[in-house]
Amino acid sequence: MSRKNLTVITGYYTRRGGIGESGDFVTSPEISQVFGELIGIWYISEWIAAGKPKAFQLVEMGPGRGTLTDDILRVFKQLASLLSKCDVSIHLVEVSPKLSEIQAQMLTGGKVQSNPEDKSVYMKGISKTGIPIFWYRDIQDVPLGYSFYLAHEFFDALPIHKFQRTDKGWREVLVDIDPEVPDQLRFVLSPSSTPATQNFIQPEETRDHVEVCPEAGVIIQNLACRIEKGGGAALVADYGHDGTKTDTFRGFRNHKLHDVLSAPGTADLTADVDFSYLRKMTQGRTATLGPIKQREFLKNMGIDLRLQVLLQNSRDTATREQLLHSYDMLMNPKKMGDCFSFFALLPHHRLARPDKKHKPESESPLPPVAGFSELLLK
Ligand code: SAH
């Protein structure tokens, strides 16, 4: 039994889904409002760079408790005069009934309408700031159109396959029941190659142990096609590597490392995102930027300035300490600063030199994309 089967059978997210201090893990948007605000500004900056299209959809994959979208919506509200002629809608892709209820509460104050009959949109409502919100189980159901996609700590939650190189070729790491110990699962190597070993390993692979998340590949392909056809951008933020790491599959329960094979379905199972695989799966349909470390991305987005403003505006010491503590959590290389990265998909034309057509040899600078290069405040 591969991990995929394990996840489908026990359904951690559809049954437990413990995000937050009382759950199994805490994410950056749960730590600081600044995180979501800067991401909101990233989308606005891309919207302006695209010539302020008349409408855009913000599509979040796996919104958790809805905190990130809530913080982004606050930015959109603050920039209401800029967005006044733009038709904005929110589209959330979420499989967990429990988390979708929490999102509905957070974003609409609970004013939602369930649509059990509708196979694609299972719930809809209006945000506290007056923007329509729709819920789906699958990205394929979200209408096409100019869209900004967001996946924060989403891809790491998807099931992976594990492989090992042996003298006889690639073998898949599977899970079976330990015949010696009751109720205990164990890892075994497939005796021969499996369909997954034949289909999911890149011919040029140099590592001896590899984790592949085909579901992430399919979703990225889908996002790349959508951006190529309809325009927009995707921002992916997660812990991960650029095709270098090998054994990262692990479990968390009550904020502590947890053996992935014990008590299946009760812990958050996760594996680092392989950004090199995501890049490959775009199949050249879009340009990609990153991965760039979270602390560099947030610094480029102006987190230091935002922190100063919040510190100046806060009246009490406790709030100021909280602001500094959450800044440290997000930025410290030993905490989330170095292990989380940002990665973007953008239409090719977004990164084309503006005067290339006329003077192909010209060395004019590329149009900057916020976050991936320093934001110059003039
Ligand atoms: N983005 C949030 C939550 C991350 S946890 C944050 O940063 O706080 C992962 C989220 O993805 C949860 O909301 C979970 O229910 C959702 N999820 C997991 N697998 C999914 C799938 N296959 N399709 C859609 N959502 C999924």
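A residue is taken to be near a molecule or strand if one of its heavy atoms lies within 4 Å of it. Of the 19 residues around the ligand in this predicted model, Thr27, Gly62, Gly64, Glu94 and His152 come nearest. Residues are numbered from 1 along each chain as its sequence is written, and side-chain values use heavy atoms, with hydrogens and water left out. Because the model is predicted, local features need pLDDT of at least 70 and side-chain atom pairs count only at pLDDT 80 or more, whereas totals for chains, interfaces and linings use all residues.

A nitrogen atom of the ligand lies 2.8 Å from a polar backbone atom of glycine 62, and an oxygen atom of the ligand lies 3.0 Å from a polar backbone atom of glycine 64. In the side chain of histidine 152, an N or O atom is found 2.5 Å from an oxygen atom of the ligand.

The protein is divided into domain 1 (13-160 + 213-351) and domain 2 (161-210), with bounds that come from an automatic or database domain assignment. The centres of the two domains, taken over C-alpha atoms, are 31 Å apart. In domain 1, 17 residues are in contact with twelve residues of domain 2, where contact means heavy atoms within 4.5 Å.

Across the interface of domain 1 and domain 2, the rule finds three salt bridges, each being a side-chain nitrogen of Lys or Arg within 4 Å of a carboxyl oxygen of Asp or Glu. The side chains of glutamate 204 and lysine 280 meet in a salt bridge, with 2.7 Å from N to O.

Terms used
Polar contact = N/O pair within 3.5 Å; in protein donor to acceptor, adjacent residues only side chain to side chain.
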